[in-house]
Amino acid sequence: RRSYEYIEVSEPRPGVGQVTLNRPKALNALCSPLIGELNTALREFQASPTVAAVVLTGSERAFAAGADIKEMAPLTFSEAYSKSFIESWSDLTTALKKPLIAAVSGHALGGGCELALMADILYCTATANFGQPEIKLGTIPGAGGSQRLTRAVGKSKAMELILTGKSFTGEEAERWGVAARVFPTYEALLEGALKTAETIAGYSKVAVQAAKEVVNKSQDLALRDGVEYERRVFHALFGSQDQKIGMKAFAEKKKPEWSHQ
Ligand code: CAA
C-alpha cells in the first residue's frame, strides 16, 4: 500500500475502505497536499475490486478544522482563479461512485463541514462541532457550503449559520437532517459507520452504484425529471444479473450470491 503524509488508509472490514485524516498538529486543516492524498486514496478505492464502500473520518478531536488558513492567507485572486483553488475538493463527489460515509467527531468547521456535507451519509457524535465560520475571516464558504448546507437545513437556518458563523452541535445536525445518525462516543461512531459500510458492501455493487446515482440526481433535478431519471435507471437494472439473482433468491427463500454484474 502507498504511504501518505496526511492521511491513513486501511481496509478494516470485508469490502470496506477507510480514510483517516491525520494531520493532528493542525486539527486536520485541509491543506492542498492533504486533499491531493485524499483524492488519490479515493481513486484507488474506486478502482479496487475488494472495496465496495468507504468511511472517511478524522480524529476524536477534529474531523477537519477547515481549509488551511495559513496556506490561503497570501493567495491572490488571480492565483486562486487560475489554479481553480478548491475545485479539486469536489473530486470525491464525481470520481467516487461507491458510497462514502463521513464519521464526524470534534471540529468540522468551514471546509471540514463542507467536506462532511459532500459524503453520501453523514454520521457524527452528539458533541461534534459543525459550522461555517468563514465570515469571521472576511470570506465565505468556498467548497459548496452555501449550497449543500442550504439544501440540508433550508434557507433561513443556512443564512443564520453562514452570516453569523456560529457553530452547531452533532445533536442539532441530526435534528435538522444534516446527519443521518448521532452517536455518544467516537468509538461508537466509527463502529456505526463501519457497520453501515459493511451492510452496503454486502449488496450488489451494480445496484448500490445505481442507488447512489439516483439519490444524488435528486439534488440536481426537478422532481418530474428526477422521477423519470430514476425510472430509466430502474428499468436498466432489469438488464443486470443481480436483479435476477436477488429476486430468484427471494422466491427460493435463499441468500443471494451476487455476481456484481
Ligand atoms: N488552518 C490552519 N491551521 C489551523 C486551522 C486551519 N483551518 N485550524 C486550526 N489550525 C491550527 C492552529 O493554528 C493551531 O496551530 P499552532 O499550534 O501551530 O498554533 C493548531 O491547529 C491547533 O489549533 P488551536 O490551538 O486553535 O486549537 P483550539 O482547540 O484552541 O481551537 C478551533 C480549535 C476552534 C477549531 C480553532 O483552531 C479554529 O477556530 N480554527 C479555524 C476554524 C476555521 O475558521 N475554519 C474555516 C477555515 S476557512 C475555510 O474553510 C474556507 C472554505 O470554505 C473552504
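1. Of the 22 residues around the ligand, Ala29, Ala65, Gly66, Gly110 and Gly111 come nearest; a residue is near if its C-beta atom, placed from the backbone, lies within 6 Å. Helix H2 (69–72), strand S6 (107–109) and helix H5 (111–118) are the elements that give two or more residues to this shell. Helices (H or I, at least four residues) and strands (E, at least two) are DSSP runs, numbered from the N terminus.

2. A word on the basis before going further. This is a predicted model, in which local features need pLDDT of at least 70 and side-chain atom pairs count only at pLDDT 80 or more, while totals for chains, interfaces and linings use all residues. Residues are numbered from 1 along each chain as its sequence is written.

3. On to helix packing, where two packed helices are described by the angle between their axes and the distance between the axes. The axes of H5 and H6 come within 10 Å and cross at roughly 55° (axes are lines fitted to C-alpha atoms, for helices over the stretch in contact, and angles run from 0 to 180 degrees between N-to-C directions). H5 and H6 are therefore oblique to each other; angles under 35 degrees count as roughly parallel, over 145 as roughly antiparallel, 65 to 115 as roughly perpendicular and the rest as oblique. The crossing of H5 and H6 is left-handed, the term for a near helix turned anticlockwise from the far one by less than a right angle, with right-handed used if clockwise. Cys113, Glu114 and Leu117 of H5 meet Gly145, Arg148, Leu149 and Ala152 of H6, where contact requires C-beta atoms, placed from the backbone, within 7 Å. By class, the contact of H5 with H6 has four nonpolar, one polar and two charged residues.

4. Now follow the chain from H6 (residues 145–153) to H7 (residues 155–164): their axes come within 7 Å and cross at roughly 135°. H6 and H7 are therefore oblique as well, and their crossing is right-handed. H6 contributes Ser146, Leu149, Thr150 and Val153, and H7 contributes Lys155, Lys157, Ala158, Leu161 and Ile162. Five of the residues in this contact are nonpolar, two polar and two charged.

5. Asn28, in the loop between strand S2 (16–21) and H1, has phi near 60°, a positive value in a residue other than glycine. Asn28 counts as buried, with 29 C-beta neighbours inside 10 Å. The cut-offs are 20 or more other C-beta atoms within 10 Å for buried, 12 or fewer for exposed, and partly exposed in between, with C-beta atoms placed from the backbone. Ser84 also has a positive phi, about 45°, although it is not a glycine. Ser84 sits in the loop between helix H3 (77–82) and helix H4 (91–95) and counts as exposed, with 8 C-beta neighbours inside 10 Å.

6. Lastly, two helix residues. Ser32 lies in helix H1 (residues 32–47) and is partly exposed, with 16 other C-beta atoms within 10 Å. Arg151 of helix H6 is partly exposed, with 14 C-beta neighbours inside 10 Å.

Conventions. Contact = placed C-beta atoms within 7 Å. Nonpolar A, V, L, I, M, F, W, Y, C, P; charged D, E, K, R; others polar.
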